[in-house]
Amino acid sequence: MAATIITTEDLIEFKMELLDEIKILLQDHSGQHRKKLLKSSDVRKLLGITSGTLQTLRVNGTLPYSKIGGAIYYDYDEIRKVFEQNRVDNKF
């Protein structure tokens, strides 16, 4: 197998390309919620509810969730969808 020599210039070029790609990714996702899966504490803070209320929303099927081991996770997009589906427009 032939050996390939990597120079300092090659490493600098690679670093610059990598940084440019990371910047593009960050720009594409700016303004969006970065965390897709939320733990119970994150959801409670997001919605401003108690752990009892969150448990009620889980039990009655209002908020879908996944349980992995002992941890419960909620999909951020699903939470948004529940809010959109349950939106009440007052028409006065």
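Let's start with helix H4, residues 76-85. Its buried residues are Tyr76, Ile79 and Val82. Look down the axis of H4. Those buried residues fall within an arc of 120°, so they line one face of the helix. Keep in mind that this is a predicted model.

What do the buried residues of H4 pack against? They pack against strand S1 (37-39), helix H2 (40-47) and strand S3 (71-75). Now turn to the face away from the buried side. There we find the exposed residues Glu84 and Gln85.

Next, the N-terminal end of H4. Asp75 caps it. One of its side-chain oxygens lies 2.7 Å from the backbone nitrogen of Asp77.

Asp75 also pairs with Lys36. Their side chains form a salt bridge, 3.0 Å from N to O. Asp75 lies in strand S3, and Lys36 in the loop between helix H1 (8-29) and S1, so this pair ties together parts that are 39 residues apart in sequence. Asp75 is partly exposed, at 21% relative accessibility. Lys36 is partly exposed too, at 46%. Lys36, Asp75 and Asp77 are linked in a network of salt bridges.

How many salt bridges does the whole structure hold? The search finds 4. Among them are two pairs inside H4. Lys81 bridges to Glu78, with the closest N and O atoms 3.4 Å apart. These two are 3 residues apart in the helix, so about one helical turn separates them. Glu84 bridges to Arg80, at 3.8 Å between the closest N and O atoms. Here the spacing is 4 residues, again about one helical turn.

How values were computed:
Residues numbered from 1 in each chain as written. Predicted model: local features only at pLDDT ≥ 70, side-chain atom pairs only at ≥ 80, totals over all residues. Heavy atoms only, no water. Buried < 20%, exposed > 50% of the residue type's maximum accessible area, 1.4 Å probe, protein only. Arc of directions from axis to C-beta. Contact = heavy atoms within 4.5 Å. Polar contact = N/O pair within 3.5 Å; in protein donor to acceptor, adjacent residues only side chain to side chain.
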